[in-house]
Amino acid sequence: MQKKDLKETWEKQKERLKQKFAALTDTDVLFLEGKKEEMMVKLQLKLGKTRQELNQIINGL
């Protein structure tokens, strides 16, 4: 997948994620290159989900 395609896909997914979990902010779902792990940990802590649960939620969007 091209970098542009990945960014477009994430833009759609993050909007759906914010709709599903109203407590999430733009900062919580900010995907910076090389910082995916940091973002995932932040989401895990904020939502109280395991890594596996979080991956299932994101893949199901």
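Predicted model: local features only at pLDDT ≥ 70, side-chain atom pairs only at ≥ 80, totals over all residues.
1. Leaving aside residues up to four places away in sequence, leucine 47 touches Phe21, Leu24 and Leu54.

2. Glutamine 13 sits in helix 1. It counts as buried because its relative accessibility is 17%, under the 20% cut-off. Not counting residues up to four places away in sequence, glutamine 13 touches Ile58 and Leu61.

3. Now for the charged side chains: the whole structure has six salt bridges. Glu15, Lys18 and Asp26 are linked in a network of them. Lysine 18 meets glutamate 15 at 3.6 Å, N to O, and aspartate 26 at 2.2 Å, N to O. Lysine 18 and glutamate 15 are three residues apart in helix 1, so about one helical turn separates them. Lysine 18 is buried at 18% relative accessibility, whereas glutamate 15 is partly exposed at 37% and aspartate 26 is partly exposed at 49%.

4. Another salt bridge joins aspartate 28 and lysine 46, with the closest N and O atoms 2.8 Å apart. This pair links distant parts of the chain, 18 residues apart: aspartate 28 is in the loop between helix 1 and helix 2, and lysine 46 is in helix 2. Aspartate 28 is buried, with a relative accessible area of 8%, while lysine 46 is partly exposed at 40%.

Notes:
Residues numbered from 1 in each chain as written. Heavy atoms only, no water. Contact = heavy atoms within 4.5 Å. Helix = DSSP H or I, 4+ residues; strand = E, 2+ residues; numbered from the N terminus. Buried < 20%, exposed > 50% of the residue type's maximum accessible area, 1.4 Å probe, protein only. Salt bridge = Lys/Arg side-chain N within 4 Å of Asp/Glu carboxyl O.
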